[in-house]
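The sequence and coordinates are shown first.

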Amino acid sequence: MNEIIESIKQSTIEIKNIIVKGDTGKSEQQNSTGDTQLKLDIASDRVIENNFKKLASIKQIVSEEQDYIIDINENGKYLIAYDPLDGSSLVDVNLSVGSIYGIYEKSFEGQNIIGAVYVVFGPRVEMVVCDGKSVKLYRMDENKNFNFTQDLTMNKKGTISSPGSTQQCWYDNHRTMINTMFQEGYELSYSGGMVPDLHHVLLRGGGLFSYPGASDKPNGKLRQLFEVFPFAFIFETAGGASSDGSQSALKIKTTHIHDTSPCFLGSSDEIDMVHQYYKQS
Ligand code: AHM
Ligand code: MG
């Protein structure tokens, strides 16, 4: 596992350089979900793939930017699903973006995730590492060393609401829930990048990030392997909770590597509230 974290640090240093110097224009290609890829998405994806290919402990990798699983070592132990540059459509306006990694054993399923890492490229570069026992925050310094900053834990209830997807398309129960949160005093935090948005909720100790199923996208937008499971694992380990609207997001069955699902991440009181509103629908 240690060599995987070291590889992610190396990729982070290289991706930071690509973001700073890189071309923020669009490529001619689309990914499996039909998004037009940026040149930065493709370059970041190559960096991570090349670094992971050097590791004996990795069996397979799969990227949000690629159609298929890539075999690395038959005798490797770990399977890694990653989103090289999440929120890359925000990079041209200089909002924060991130990389997300889910580390699995045996199969790419929520029940088999054993580690998760995400990196925020904001004014600082920060990395959050979860091994299922603790959630640790590291900051990159000017010498490109990652220094441990603090353990992250969540309170039972928070103060932030980060509501994703197009409001026009929300189902009534979801709209009522979010409106009620704001009437009760929750503060809005939404940048459109799940990495900084979830980082905000996690570092403030709680609240709710939601990307629901809606009339335009009944299964939500966020991909299970690359986005939903890694953050569900981190939030649950930090003492928070995750849900697809009725159960822990880690219990979702995956039928295809690019499957999406509705996604709720937050502190335990807010996830209980989600279940109340979604039970009524
Ligand atoms: P991406 O992987 O193509 O960047 O999409 C994921 C991002 C998330 O970071 C964010 O929460 C969501 O898309 C925002 O979606 P929307 O386009 O509905 O605003
Ligand atoms: Mg993404």
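At 7% relative accessibility, asparagine 51 counts as buried (under 20% relative accessible area, with exposed meaning over 50% and partly exposed in between; 1.4 Å probe, protein chains only). The model is predicted: local features need pLDDT of at least 70, side-chain atom pairs count only at pLDDT 80 or more, and totals for chains, interfaces and linings use all residues. Residues are numbered from 1 along each chain as its sequence is written, chains are lettered from A and ligands numbered from 1 in the order in which they are written, and side-chain values use heavy atoms, with hydrogens and water left out.

**Asparagine 51 and helix H2**

Asparagine 51 lies in helix H2; helices (H or I, at least four residues) and strands (E, at least two) are DSSP runs, numbered from the N terminus. Its side chain makes a polar contact with the side chain of glutamate 14, at 3.3 Å. A polar contact is a pair of N or O atoms within 3.5 Å; within protein, one must be able to donate a hydrogen and the other to accept it, and residues adjacent in sequence count only if both atoms are side-chain atoms. Leaving aside residues up to four places away in sequence, asparagine 51 touches Ser7, Gln10, Ser11 and Glu14, where contact means heavy atoms within 4.5 Å.

Helix H2 covers residues 39-52 and has 14 residues; the distance from its first C-alpha to its last is 20 Å, close to the 20 Å expected at 1.5 Å a residue. The expected span is 1.5 Å times one less than the number of residues. In H2, 10 of the 14 residues are buried, among them Leu40, Ile42, Val47, Ile48 and Phe52.

**Helix H3**

For the 12 residues of helix H3 (residues 172-183), the span should be 16 Å at 1.5 Å a residue, and the end C-alpha atoms are 16 Å apart, which agrees. Asn173, His174, Met177, Ile178, Thr180 and Met181 of H3 are buried. They cover an arc of only 160° around the axis (taken from the directions from the helix axis to the C-beta atoms), which puts them on the same side of H3. The buried residues of H3 pack against strand S11 (160-163), strand S13 (207-211), strand S15 (263-266) and helix H6 (268-279).

The face turned away from the buried side of H3 carries the exposed residues Asp172 and Gln183. Aspartate 172 counts as exposed at 59% relative accessibility. The C-alpha atoms of aspartate 172 and alanine 214 are separated by 9.7 Å, although these residues are 42 residues apart along the chain. Just after H3, glycine 185 takes a positive phi of about 110°.

**Sheet**

An open sheet of 8 strands has mixed pairing and the order S4-S3-S5-S6-S7-S8-S9-S10. Its edge strands, S4 (70-71) and S10, each pair on one side only; two strands pair if DSSP finds at least two bridges between them.

| Strands | Bridges |
|---|---|
| S5 (residues 78-86) and S6 (residues 97-105) | 7 bridges |
| S9 (residues 135-140) and S10 (residues 146-151) | 5 bridges |

Tyrosine 82 stands opposite tyrosine 101 in S6, and the bridge partner of arginine 139 is asparagine 147 in S10. The hairpin of S9 and S10 has 5 residues between the strands, and lysine 144 takes a positive phi near 65° there.

**Ligand 1**

Ligand 1 is surrounded by 16 residues (a heavy atom within 4 Å), of which the closest are Asp86, Gly87, Met194, Tyr211 and Lys221. A polar side-chain atom of tyrosine 211 lies 2.5 Å from an oxygen atom of ligand 1.
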